[in-house]
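Here is a walk through one protein chain, from its overall build to a single residue. Please keep the sequence and the model in view while reading.

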Amino acid sequence: NVMKIRKRQVPVFVTLFLFNACAMQQTGGVIQDQAQRHVPLFSAERAIQDEWQEILIRGKTEYRVTASAGRVAIRAIGQNSASGLLRRVQVDPVNCPKIEWSWRVDQLQETADIRVKEKEDVAASIYLMFGDPGPPLTPKQVPSLRYVWSNQRMDVESIVDSPYLPGTVKSLVVRSGSRQPEWFTESRNILKDFERAFGYTPKEAIEAIALFTDNDQTKEPVLAYYEWGRLECGTGRES
(Lines give C-alpha, C1' and ligand atoms only; values in the text may rest on other atoms or scores of the structure.)
Protein backbone atom coordinates (compact mmCIF):
# COMPACT_ATOMS: atom_id res chain seq x y z
CA ASN A 1 0.00 0.00 0.00
CA VAL A 2 2.14 2.88 -1.28
CA MET A 3 0.75 6.37 -0.87
CA LYS A 4 0.59 8.45 -4.03
CA ILE A 5 -0.33 12.13 -3.89
CA ARG A 6 -1.69 13.79 -6.99
CA LYS A 7 -2.24 17.52 -7.37
CA ARG A 8 -5.23 18.59 -9.43
CA GLN A 9 -8.01 21.12 -9.81
CA VAL A 10 -11.13 20.11 -7.93
CA PRO A 11 -14.06 19.05 -10.13
CA VAL A 12 -17.50 20.49 -9.45
CA PHE A 13 -18.72 17.50 -7.42
CA VAL A 14 -15.79 17.34 -4.98
CA THR A 15 -15.13 19.68 -2.10
CA LEU A 16 -11.90 21.32 -1.13
CA PHE A 17 -10.97 23.33 1.86
CA LEU A 18 -10.53 27.07 2.28
CA PHE A 19 -8.00 27.79 4.95
CA ASN A 20 -8.78 31.29 6.23
CA ALA A 21 -5.50 32.45 7.69
CA CYS A 22 -4.16 36.00 7.62
CA ALA A 23 -1.63 35.09 4.95
CA MET A 24 -1.80 32.57 2.13
CA GLN A 25 1.03 30.86 0.30
CA GLN A 26 0.99 30.82 -3.48
CA THR A 27 0.15 27.13 -3.24
CA GLY A 28 -2.95 27.96 -1.22
CA GLY A 29 -1.70 26.66 2.14
CA VAL A 30 -2.09 28.35 5.49
CA ILE A 31 0.71 30.30 7.10
CA GLN A 32 0.39 30.72 10.85
CA ASP A 33 0.04 34.32 12.02
CA GLN A 34 1.80 34.49 15.38
CA ALA A 35 -0.82 36.94 16.71
CA GLN A 36 -3.78 34.89 15.52
CA ARG A 37 -5.47 32.85 18.24
CA HIS A 38 -7.47 30.54 15.99
CA VAL A 39 -6.18 29.11 12.71
CA PRO A 40 -9.00 27.53 10.65
CA LEU A 41 -7.99 24.31 8.91
CA PHE A 42 -11.15 23.46 6.98
CA SER A 43 -14.82 24.35 6.90
CA ALA A 44 -17.47 22.96 4.59
CA GLU A 45 -19.37 26.25 4.70
CA ARG A 46 -16.33 28.13 3.36
CA ALA A 47 -15.25 25.55 0.81
CA ILE A 48 -14.51 27.07 -2.59
CA GLN A 49 -12.82 25.85 -5.73
CA ASP A 50 -9.05 25.95 -5.31
CA GLU A 51 -5.92 23.84 -5.78
CA TRP A 52 -5.52 20.89 -3.45
CA GLN A 53 -3.84 17.52 -3.36
CA GLU A 54 -5.65 14.23 -3.63
CA ILE A 55 -4.15 11.27 -1.77
CA LEU A 56 -4.68 8.17 -3.91
CA ILE A 57 -3.99 4.68 -2.63
CA ARG A 58 -6.77 2.53 -4.05
CA GLY A 59 -9.83 3.88 -5.86
CA LYS A 60 -11.55 7.07 -4.72
CA THR A 61 -13.57 7.72 -1.63
CA GLU A 62 -16.35 10.13 -2.58
CA TYR A 63 -16.01 13.52 -0.88
CA ARG A 64 -18.85 16.04 -1.32
CA VAL A 65 -20.23 19.07 0.43
CA THR A 66 -23.69 18.27 1.74
CA ALA A 67 -26.23 19.28 4.38
CA SER A 68 -26.77 16.78 7.18
CA ALA A 69 -28.90 17.26 10.29
CA GLY A 70 -29.02 20.97 9.66
CA ARG A 71 -25.26 21.31 9.22
CA VAL A 72 -23.10 21.78 6.15
CA ALA A 73 -20.38 19.16 6.12
CA ILE A 74 -17.88 17.30 3.96
CA ARG A 75 -19.42 13.88 3.42
CA ALA A 76 -17.16 10.88 2.83
CA ILE A 77 -18.57 7.69 1.32
CA GLY A 78 -16.30 4.68 0.88
CA GLN A 79 -16.39 2.98 -2.51
CA ASN A 80 -14.13 -0.01 -1.77
CA SER A 81 -11.54 2.73 -1.78
CA ALA A 82 -8.68 4.37 0.07
CA SER A 83 -8.24 8.04 -0.75
CA GLY A 84 -8.18 11.35 1.04
CA LEU A 85 -7.83 15.09 0.70
CA LEU A 86 -4.67 16.91 1.74
CA ARG A 87 -3.99 20.59 2.30
CA ARG A 88 -0.68 22.36 2.88
CA VAL A 89 -0.26 24.34 6.10
CA GLN A 90 2.65 25.88 8.01
CA VAL A 91 2.01 25.91 11.75
CA ASP A 92 4.34 25.60 14.74
CA PRO A 93 2.71 23.07 17.14
CA VAL A 94 4.51 24.68 20.10
CA ASN A 95 2.68 27.95 19.45
CA CYS A 96 -0.53 26.22 18.34
CA PRO A 97 -0.75 23.05 20.46
CA LYS A 98 -4.51 22.56 20.45
CA ILE A 99 -6.67 21.13 17.66
CA GLU A 100 -10.46 21.08 17.62
CA TRP A 101 -12.81 19.62 15.05
CA SER A 102 -16.38 18.46 14.48
CA TRP A 103 -17.29 15.12 12.86
CA ARG A 104 -19.89 12.40 12.69
CA VAL A 105 -20.00 8.73 11.57
CA ASP A 106 -23.23 7.10 10.40
CA GLN A 107 -21.76 3.78 9.20
CA LEU A 108 -18.47 2.11 10.00
CA GLN A 109 -16.64 -1.10 9.16
CA GLU A 110 -17.39 -3.59 11.94
CA THR A 111 -14.62 -6.04 11.03
CA ALA A 112 -11.88 -3.43 10.54
CA ASP A 113 -8.74 -3.59 12.66
CA ILE A 114 -6.18 -0.82 12.26
CA ARG A 115 -3.47 -3.09 13.70
CA VAL A 116 -3.71 -5.54 10.77
CA LYS A 117 -2.82 -4.76 7.14
CA GLU A 118 -5.63 -6.84 5.68
CA LYS A 119 -8.26 -5.07 7.82
CA GLU A 120 -6.79 -1.58 8.14
CA ASP A 121 -9.80 0.67 7.41
CA VAL A 122 -11.02 3.72 9.33
CA ALA A 123 -14.42 5.37 9.34
CA ALA A 124 -12.91 8.83 9.73
CA SER A 125 -9.47 10.22 10.44
CA ILE A 126 -7.50 13.46 10.48
CA TYR A 127 -3.78 13.38 9.72
CA LEU A 128 -1.29 15.96 10.98
CA MET A 129 1.99 15.70 9.05
CA PHE A 130 5.11 17.04 10.74
CA GLY A 131 7.53 18.16 8.04
CA ASP A 132 7.28 18.63 4.30
CA PRO A 133 5.63 15.56 2.68
CA GLY A 134 7.36 16.53 -0.56
CA PRO A 135 6.20 17.01 -4.15
CA PRO A 136 3.09 15.23 -5.43
CA LEU A 137 4.85 12.57 -7.48
CA THR A 138 7.57 11.66 -4.98
CA PRO A 139 6.09 12.06 -1.49
CA LYS A 140 8.33 11.63 1.53
CA GLN A 141 7.48 9.77 4.69
CA VAL A 142 7.26 12.27 7.55
CA PRO A 143 6.07 11.65 11.13
CA SER A 144 2.29 11.75 11.04
CA LEU A 145 -0.17 11.74 13.93
CA ARG A 146 -3.56 10.39 12.89
CA TYR A 147 -6.69 10.97 14.96
CA VAL A 148 -9.05 8.07 14.27
CA TRP A 149 -12.71 7.13 14.63
CA SER A 150 -12.82 3.34 14.46
CA ASN A 151 -15.05 0.48 15.61
CA GLN A 152 -15.33 -0.82 19.16
CA ARG A 153 -12.52 -3.30 18.57
CA MET A 154 -10.18 -0.49 19.64
CA ASP A 155 -10.33 1.27 22.99
CA VAL A 156 -10.48 5.05 23.05
CA GLU A 157 -7.02 6.57 23.69
CA SER A 158 -5.30 3.52 22.16
CA ILE A 159 -2.23 4.32 20.08
CA VAL A 160 -1.51 2.04 17.12
CA ASP A 161 1.63 1.91 15.00
CA SER A 162 0.69 1.74 11.31
CA PRO A 163 1.14 -1.75 9.87
CA TYR A 164 1.98 -0.10 6.53
CA LEU A 165 4.28 2.69 7.74
CA PRO A 166 5.54 1.57 11.17
CA GLY A 167 7.32 4.26 13.10
CA THR A 168 6.05 6.93 10.71
CA VAL A 169 2.27 6.99 11.15
CA LYS A 170 0.80 6.64 14.62
CA SER A 171 -2.98 6.39 15.04
CA LEU A 172 -4.66 7.66 18.20
CA VAL A 173 -8.21 6.37 18.65
CA VAL A 174 -10.34 9.36 19.64
CA ARG A 175 -13.75 7.71 19.25
CA SER A 176 -14.99 4.17 18.65
CA GLY A 177 -18.28 2.67 17.56
CA SER A 178 -21.35 4.26 15.99
CA ARG A 179 -24.91 4.09 17.29
CA GLN A 180 -27.42 6.83 16.53
CA PRO A 181 -25.84 9.40 14.20
CA GLU A 182 -24.53 12.22 16.37
CA TRP A 183 -22.13 15.13 15.95
CA PHE A 184 -19.10 15.25 18.22
CA THR A 185 -16.64 18.09 18.78
CA GLU A 186 -13.16 16.90 19.73
CA SER A 187 -10.37 18.82 21.44
CA ARG A 188 -6.82 17.48 21.65
CA ASN A 189 -3.41 18.71 22.75
CA ILE A 190 -1.15 17.97 19.80
CA LEU A 191 2.13 18.14 21.71
CA LYS A 192 1.00 15.74 24.42
CA ASP A 193 -0.48 13.32 21.89
CA PHE A 194 2.60 13.41 19.65
CA GLU A 195 4.95 12.82 22.57
CA ARG A 196 2.85 9.92 23.84
CA ALA A 197 2.73 8.37 20.35
CA PHE A 198 6.34 8.91 19.24
CA GLY A 199 8.21 9.30 22.51
CA TYR A 200 9.77 12.66 21.66
CA THR A 201 8.79 16.29 21.02
CA PRO A 202 7.98 17.11 17.36
CA LYS A 203 11.00 18.54 15.59
CA GLU A 204 9.17 19.96 12.58
CA ALA A 205 6.22 22.24 11.93
CA ILE A 206 2.87 20.84 10.86
CA GLU A 207 3.12 21.22 7.09
CA ALA A 208 0.05 19.30 5.92
CA ILE A 209 -3.33 18.11 7.15
CA ALA A 210 -5.45 15.43 5.53
CA LEU A 211 -8.93 13.95 5.91
CA PHE A 212 -9.09 10.23 5.19
CA THR A 213 -11.92 7.66 5.06
CA ASP A 214 -11.37 4.22 3.52
CA ASN A 215 -12.96 0.78 3.12
CA ASP A 216 -10.70 -0.89 0.56
CA GLN A 217 -9.79 -3.74 2.91
CA THR A 218 -13.11 -4.74 4.49
CA LYS A 219 -15.36 -3.61 1.61
CA GLU A 220 -17.93 -2.74 4.28
CA PRO A 221 -20.08 0.41 3.98
CA VAL A 222 -18.71 3.56 5.58
CA LEU A 223 -20.28 7.01 5.80
CA ALA A 224 -18.65 9.90 7.65
CA TYR A 225 -18.93 13.68 7.86
CA TYR A 226 -16.31 16.33 8.58
CA GLU A 227 -17.75 19.73 9.50
CA TRP A 228 -14.85 21.99 10.50
CA GLY A 229 -11.40 21.97 12.08
CA ARG A 230 -9.13 24.59 13.62
CA LEU A 231 -5.96 25.08 15.63
CA GLU A 232 -5.84 27.19 18.77
CA CYS A 233 -2.68 29.20 19.29
CA GLY A 234 -1.08 30.90 22.26
CA THR A 235 -2.62 28.46 24.75
CA GLY A 236 0.54 26.78 26.04
CA ARG A 237 1.38 23.08 26.08
CA GLU A 238 -0.71 22.37 29.21
CA SER A 239 -4.03 23.46 27.70
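A polar contact is a pair of N or O atoms within 3.5 Å; within protein, one of the two must be able to donate a hydrogen and the other to accept it. That term is needed further on. The model shown is predicted.

The chain contains 16 strands and 1 helix. It has 239 residues, and 56% of them are buried. Of the contacts between residues at least 6 apart in sequence, 77% join residues at least 24 apart.

Beyond four places away in sequence, Ile190 touches residues including Pro93, Cys96, Ile99, Leu128, Phe130, Tyr147, Ile206 and Leu231.

The last stop is Glu100, which lies in strand S9, residues 98-107. Glu100 counts as buried because its relative accessibility is 11%, and buried means under 20%. The side chain of Glu100 makes a polar contact of 3.4 Å with that of Lys98. Another polar contact, of 2.9 Å, links the side chains of Glu100 and Arg230. Leaving aside residues up to four places away in sequence, Glu100 touches Glu186, Ser187, Trp228, Gly229, Arg230 and Glu232.

Methods
Residues are numbered from 1 along each chain as its sequence is written. This is a predicted model: local features need pLDDT of at least 70, side-chain atom pairs count only at pLDDT 80 or more; totals for chains, interfaces and linings use all residues. Side-chain values use heavy atoms; hydrogens and water are left out. Helices (H or I, at least four residues) and strands (E, at least two) are DSSP runs, numbered from the N terminus. Buried means under 20% relative accessible area, exposed over 50%, partly exposed in between (1.4 Å probe, protein chains only). Contact means heavy atoms within 4.5 Å.
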